[in-house]
Amino acid sequence: MRLARIVARLTLAGIFIYASLDKIAHPAAFAKDVYNYQILPDALINLTALVLPWLELFLGLCLLAGIWLPGAVLTANGLLLVFMVALMFNLARGLDVNCGCFSTAGDAPAMSAGWYLLRDVGFFAVGVFLFYAVFLHRWRKRSESISVQGRDNN
């Protein structure tokens with residue numbers, strides 16, 4: 001279980017770090033990708049394009065270093081869920097947009113939104129496993145500590 005948790009943590013870290021790099025380098029191109037989703041009001045598009053990649057990088061580095069894991073795992077899963085909902089929303093509306101997930105370049109190999117969604121479900125599965133492992137581990141540790149204290153008091 002410990003090895004699986006480490007692999008999941010490093011996998012998610014790599015995904016978030018890699019996803020942030022091109023967006024940080026090309027914020028205007030990423031803003032166009034955000035705009036193409038046609039979800040956010042115009043006033044939030046540039047802010048999202050500037051803040052989201054740095055948040056992804058920060059979360060990826062936290063996961064890589066193993067610091068602030070509960071918060072990093074919870075936030076990463078929240079972002080993955082938002083990304084999946086945005087893709088599902090656009091699929092339901094019949095829009096097939098380039099997700100801008102890992103590359104803002106227009107010449108990047110395009111997949112359909114359905115494939116992006118399937119890929120994100122896989123990422124989310126890793127995130128859910130990590131969420132389970134991090135929070136279950138904390139819960140077990142706490143309950144073991146409580147039971148040891150209870151035995152010591154008796």
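1. A residue is called buried when its relative accessible area is under 20%, exposed when over 50%, and partly exposed in between (1.4 Å probe, protein chains only). By that cut-off, 34% of the 154 residues in the chain are buried. The model is predicted: local features need pLDDT of at least 70 and side-chain atom pairs count only at pLDDT 80 or more, while totals for chains, interfaces and linings use all residues. Residues are numbered from 1 along each chain as its sequence is written, and side-chain values use heavy atoms, with hydrogens and water left out.

2. Secondary structure amounts to five helices and zero strands, in the order α-α-α-α-α along the sequence. Helices (H or I, at least four residues) and strands (E, at least two) are DSSP runs, numbered from the N terminus.

3. Of the contacts (heavy atoms within 4.5 Å) with a separation of 6 or more, 72% are between residues 24 or more positions apart. The accessible surface is about 9200 Å², and carbon and sulfur atoms hold 68% of that area; the method is Shrake-Rupley with a 1.4 Å probe, and for residues only the protein chains shown count as cover.

4. The largest nonpolar core contains 35 residues, and L12, F16, L63, L87 and L130 have the most contacts inside it. Such a core is a set of buried Ala, Val, Leu, Ile, Met, Phe, Trp, Tyr and Cys residues joined through side-chain atoms within 4.5 Å. Two or more residues of this core come from each of α1, α2, α3, α4 and α5, and α4 gives the most, with nine. Leaving aside residues up to four places away in sequence, L130 touches R5, A8, R9, L12, L63 and V73.

5. S20 is in helix α1. With a relative accessible area of 0%, S20 is buried. Beyond four places in sequence, S20 touches P53, E56 and L57.

6. The largest pocket holds about 450 Å³ of space. A pocket is an open set of points on a 1 Å grid over the protein atoms alone, where a 1.4 Å probe fits, with protein on both sides within 12 Å along at least five of seven lines; lining residues have an atom within 4 Å of a point. Points are joined across faces, edges and corners, and the volume is the space filled by probe spheres set on them.

7. This pocket is lined by 25 residues, with F30, Y37, L52, F83 and A86 closest to its centre. α4 gives the most to the lining, six residues. The lining comprises 19 nonpolar, two polar and four charged residues, where Ala, Val, Leu, Ile, Met, Phe, Trp, Tyr, Cys and Pro count as nonpolar, Asp, Glu, Lys and Arg as charged, and the others, Gly among them, as polar.
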